[in-house]
Amino acid sequence: MMKLSELQLKEIIVVEDGKRLGHIFDLELDVNNGKILSLIIMGKKAGLFGKIDEITIRWEQIVTIGSDVILVRRSENSPQLYLQKEVKY
């Protein structure tokens, strides 16, 4: 069994492109069955006063939980696993 505090130390990485998403901020639980439904990750905020985005990763998207990382894959149903914002200079 693993504690939430242990999960929060692990970095989330996308298998397809190696993008680092961050660390777990919260979990979505099914209280009736006692199962984890999804991981919630706080994204980076845009600018000084930008809004912080939440990234939700469903449990089915997790490939493996290693000693220091959690590997996830993009789902066919939701190709936008993380928000991609264009930065214009």
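**View 1. Ile-12 and its surroundings.** Ile-12 touches Lys-19, Arg-20, Leu-21, Gly-22, Ile-24, Leu-39, Ile-41, Ile-57, Ile-70 and Val-72. Residues up to four places away in sequence are not counted. Contact means heavy atoms within 4.5 Å. The model is predicted: local features need pLDDT of at least 70, side-chain atom pairs count only at pLDDT 80 or more, and totals for chains, interfaces and linings use all residues. Residues are numbered from 1 along each chain as its sequence is written, and side-chain values use heavy atoms, with hydrogens and water left out.

**View 2. The largest nonpolar core.** This core has 13 residues. Those with the most contacts inside it are Ile-12, Leu-21, Ile-24, Leu-39, Ile-57, Ile-70 and Val-72. At least two core residues come from each of strand 1 (11–14), strand 2 (20–30), strand 3 (35–45), strand 4 (52–58) and strand 6 (69–72). Strand 2 gives the largest share, 3 residues. A nonpolar core is a set of buried Ala, Val, Leu, Ile, Met, Phe, Trp, Tyr and Cys residues joined through side-chain atoms within 4.5 Å. Buried means under 20% relative accessible area, exposed over 50%, and partly exposed in between (1.4 Å probe, protein chains only). In soluble globular proteins, nonpolar side chains tend to be buried together.

**View 3. Strand 1 and its two partners.** Strand 1 is covered on both faces. Glu-11 and Ile-13 are buried on one side, Ile-12 and Val-14 on the other. Strand 1 runs antiparallel to strand 2, joined by 3 bridges. Here Ile-13 stands opposite Arg-20. The hairpin of these two strands has 5 residues between them, and Gly-18 takes a positive phi near 75 degrees. Strand 6 pairs with strand 1 in the parallel sense, over 4 bridges. In strand 6, Leu-71 is the bridge partner of Ile-13. Two strands pair if DSSP finds at least two bridges between them.

**View 4. Glu-11 in strand 1.** Glu-11 lies in strand 1. Its relative accessible area is 19%, so Glu-11 counts as buried. Leaving aside neighbours within four places in sequence, Glu-11 is in contact with Arg-20, Gly-22, His-23, Asp-68, Val-69 and Ile-70.

**View 5. Ser-38 in strand 3.** Ser-38 is found in strand 3. Ser-38 counts as buried because its relative accessibility is 2%. Its C-alpha atom is separated by 5.1 Å from that of Glu-28, 10 residues apart along the chain. Ser-38 touches Leu-27, Glu-28, Thr-56, Ile-57, Arg-58 and Trp-59, with residues up to four places away in sequence not counted.

**View 6. A nonpolar surface patch.** Met-2, Trp-59 and Ile-65 make a patch of about 260 Å². Met-2 is found in the segment before helix 1 (4–8). With a relative accessible area of 41%, Met-2 is partly exposed. Nonpolar side chains (Val, Leu, Ile, Met, Phe, Trp, Tyr) are joined within 5 Å, like charges within 9 Å. Areas come from the Shrake-Rupley method with a 1.4 Å probe; for residues, only the protein chains shown count as cover.

**View 7. The chain as a whole.** The secondary structure comes to 1 helix and 6 strands, in the order α-β-β-β-β-β-β. Helices (H or I, at least four residues) and strands (E, at least two) are DSSP runs, numbered from the N terminus. Of the 89 residues, 28% count as buried.

How values were computed
Patches are made of residues with over 30% relative accessible area and no salt bridge: like charges are joined within 9 Å, nonpolar side chains (Val, Leu, Ile, Met, Phe, Trp, Tyr) within 5 Å. A salt bridge is a side-chain nitrogen of Lys or Arg within 4 Å of a carboxyl oxygen of Asp or Glu.
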